[in-house]
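Work through these exercises with the sequence and the 3D view open. Try each task before reading its solution.

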Amino acid sequence: MRVVAKRLCRALCSVASTKISRPLSTSTQSKHWPQSIFASPWSATQLRGAKFRGADLKPGNVIEKKGRMYQVVKAQHSTQGRGGAIIQVELRDVDSGSKSNERFRTDEPVERVFVAEKSFTYLYTDDETGNIVLMDPKTYEQLDVPKHLFGESYVYLQDDMNVSVQLYDGRAMSASIPTRATCTVAESEMPMRASATPQYKKVLLDNGLTVQVPKHIVEGDRIIINTADHSYMSRVSLWSGPSSHPAHSGSLVHQTTF
């Protein structure tokens with residue numbers, strides 16, 4: 001009987017300690033929850049409805065206004081006499097892609113949405129829907145992203161290019177590409193003699209864009225373009241080893257700046 005009584009006592013104590021420890025652990029977690037969220041705001045829970053000042057808005061932020069999601073494209077601070085400081089922002093509607101201009105007071109509360117940034121690989125552009133089809137390199141799951149989320153930079157998309165997508169509850173809010181992209185010159189004027197002063201000319205790239213490049217750049221050259229402002233950065237030269245095929249182990253790609 002003593003053995004049975006001891007076992008019953010241990011069982012009751014175990015149940016009681018479990019019931020007590022659970023609320024204690026819960027209160028401890030709730031006490032430290034805000035700190036963990038701000039340390040990594042989208043690691044486990046994404047925040048919506050967090051209030052910020054208009055002065056804190058920056059390009060790339062996602063905000064909610066009148067029930068719709070907008071991405072901040074541009075933000076410029078200005079002062080209007082007695083009216084105080086304001087911030088002029090260009091917004092892009094996440095759903096429609098349409099742009100609008102809004103003004104906020106620097107102390108005006110703005111509802112900002114925290115998004116998770118994730119890396120994807122570009123696969124192709126769907127001709128029927130016009131969406132950009134991406135793939136998660138870890139899970140191989142595909143994600144369709146509206147073209148307008150890439151803005152003007154979508155023309156630089158190339159096979160297997162790594163892109164970044166900002167997600168909220170699994171939904172794409174915005175997308176961006178690397179700041180440098182390698183393009184091929186499709187059409188160019190004849191090169192001119194070297195000059196003491198830098199001279200530039202217009203060339204047509206294989207993605208349809210027209211950019212300014214140095215005079216010595218010719219058709220077929222591969223050049224590196226700054227995707228943020230479409231400016232020329234450098235020329236890429238290719239020297240081949242035993243084989244002229246780029247995939248050959250003896251070939252070497254070298255970047256030359258002119």
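The exercises below concern a predicted model.

**Exercise 1. Describe the chain as a whole.**

Solution. 
- Step 1: take the secondary structure. The protein chain has 1 helix and 17 strands.
- Step 2: check burial. Of its 258 residues, 31% count as buried.
- Step 3: ask how far contacts reach along the sequence. Take contacts between residues at least 6 apart; 44% of them join residues at least 24 apart.

**Exercise 2. Decide whether L134 is buried or exposed, and list what it touches.**

Solution. 
- Step 1: L134 lies in strand β8, residues 132-135.
- Step 2: apply the cut-off. Buried means under 20% relative accessible area. L134 has 0%, so it is buried.
- Step 3: list the contacts, leaving out residues up to four places away in sequence. L134 touches F120, T121, Y122, L123, E141, Q142, L143, V145, F150, V163 and V165.
- Step 4: compare sequence with space. L134 and N162 are 28 residues apart in sequence, and their C-alpha atoms are 9.3 Å apart.

**Exercise 3. Find the strands that pair with β10, and explain why β10 is largely enclosed.**

Solution. 
- Step 1: start with β7, residues 116-125. This strand runs antiparallel to β10, joined by 6 bridges. The bridge partner of A116 in β10 is L167.
- Step 2: turn to β11. β10 and β11 also pair in the antiparallel sense, over 5 bridges. L167 has A172 as its bridge partner in β11.
- Step 3: inspect the turn. The hairpin of β10 and β11 has 2 residues between the strands, and D169 takes a positive phi near 55° there.
- Step 4: count buried residues. In β10, 5 of the 7 residues are buried, so the rest of the structure largely encloses this strand.

**Exercise 4. Characterise the largest pocket: its volume, its lining and the strands that supply it.**

Solution. 
- Step 1: give the volume. The largest pocket holds about 640 Å³ of space.
- Step 2: find the centre. 27 residues line the largest pocket; R92, F150, G151, S153 and A175 are the closest to its centre.
- Step 3: sort the lining by class. It has 10 nonpolar, 11 polar and 6 charged residues.
- Step 4: assign strands. β3 (68-79), β4 (85-93), β10 (162-168) and β11 (171-176) each supply at least two lining residues. The largest share, 4 residues, comes from β3.
- Step 5: link back to Exercise 2. F150 is among the residues closest to the pocket centre, and F150 is also one of the residues that L134 touches.

How values were computed:
Residues numbered from 1 in each chain as written. Predicted model: local features only at pLDDT ≥ 70, side-chain atom pairs only at ≥ 80, totals over all residues. Heavy atoms only, no water. 1 Å grid on protein atoms, 1.4 Å probe; cavity = no way out; pocket = protein on both sides within 12 Å on 5 of 7 lines; lining within 4 Å. Points joined across faces, edges and corners; volume = space filled by probe spheres on them. Nonpolar A, V, L, I, M, F, W, Y, C, P; charged D, E, K, R; others polar. Buried < 20%, exposed > 50% of the residue type's maximum accessible area, 1.4 Å probe, protein only. Contact = heavy atoms within 4.5 Å. Pairing = 2+ DSSP bridges.
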